[in-house]
Amino acid sequence: MELHKLNKGDDIWFKYPNATNSFPAVVEEFHYNFKGEPYLKVRVGSELVEIDDKYEIVKV
C-alpha cells in the first residue's frame, strides 16, 4: 500500500521486510525524510515505530 493513501488514525497491519510475522498498528504521524521519501510513525501497543515503503502494509 502507498503510504500517502493512509491517514492518522487508520488501522493497519504491517510486516518487516523478509519477515513471517505481522503486527497491528495505528497510524500516528506522516513524515518525509531528508531525501523526500515518506515514512510513518505508527503505534504498536505502547511503542511508537517508524515504517517506510519497504514494509508490507495493509489497511484494515
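## Lysine 5

Lysine 5 has a relative accessible area of 47%, so this residue is partly exposed. Buried means under 20% relative accessible area, exposed over 50%, and partly exposed in between, computed with a 1.4 Å probe on protein chains only. Lysine 5 lies in the segment before S1. From C-alpha to C-alpha, lysine 5 is 9.5 Å from lysine 59, and 54 residues separate the two in sequence.

## The model

This is a predicted model, in which local features need pLDDT of at least 70 and side-chain atom pairs count only at pLDDT 80 or more, while totals for chains, interfaces and linings use all residues. Residues are numbered from 1 along each chain as its sequence is written, and side-chain values use heavy atoms, with hydrogens and water left out.

## Aspartate 10

Aspartate 10 also belongs to the segment before strand S1, which covers residues 11–15. Strands are DSSP runs of E with at least two residues, and helices are runs of H or I with at least four; both are numbered from the N terminus. Aspartate 10 counts as buried because its relative accessibility is 12%.

The side chain of aspartate 10 reaches the backbone nitrogen of asparagine 7 at 2.7 Å. Beyond its neighbours within four places in sequence, aspartate 10 is in contact with Lys5, Ala25, Val26, Val27 and Lys59. Here, contact means heavy atoms within 4.5 Å.

## The sheet

The 5 strands form an open sheet in the order S4-S3-S2-S1-S5, with antiparallel pairing. Strand S4 (47–52) and strand S5 (56–59) stand at the edges with a single partner strand each, so one side of each has no neighbour in the sheet. On average, neighbouring strands of this sheet are turned by 45° against each other, direction ignored.

## Strand pairs and hairpins

Two strands pair if DSSP finds at least two bridges between them. S1 and strand S2 (residues 22–32) run antiparallel and are joined by 5 bridges. Opposite aspartate 11 stands valine 26 in S2.

S2 is joined to strand S3 (residues 38–44) by 6 bridges, again antiparallel. Histidine 31 has tyrosine 39 in S3 as its bridge partner. The hairpin of S2 and S3 has 5 residues between the strands, and glycine 36 there takes a positive phi near 85°. S3 and S4 pair over 6 bridges in the antiparallel sense, and leucine 48 in S4 is the bridge partner of arginine 43. Their hairpin has 2 residues between the strands, with glycine 45 at a positive phi near 65°.

Conventions: Polar contact = N/O pair within 3.5 Å; in protein donor to acceptor, adjacent residues only side chain to side chain. Axes fitted to C-alpha atoms, helices over the stretch in contact; angles between N-to-C directions.
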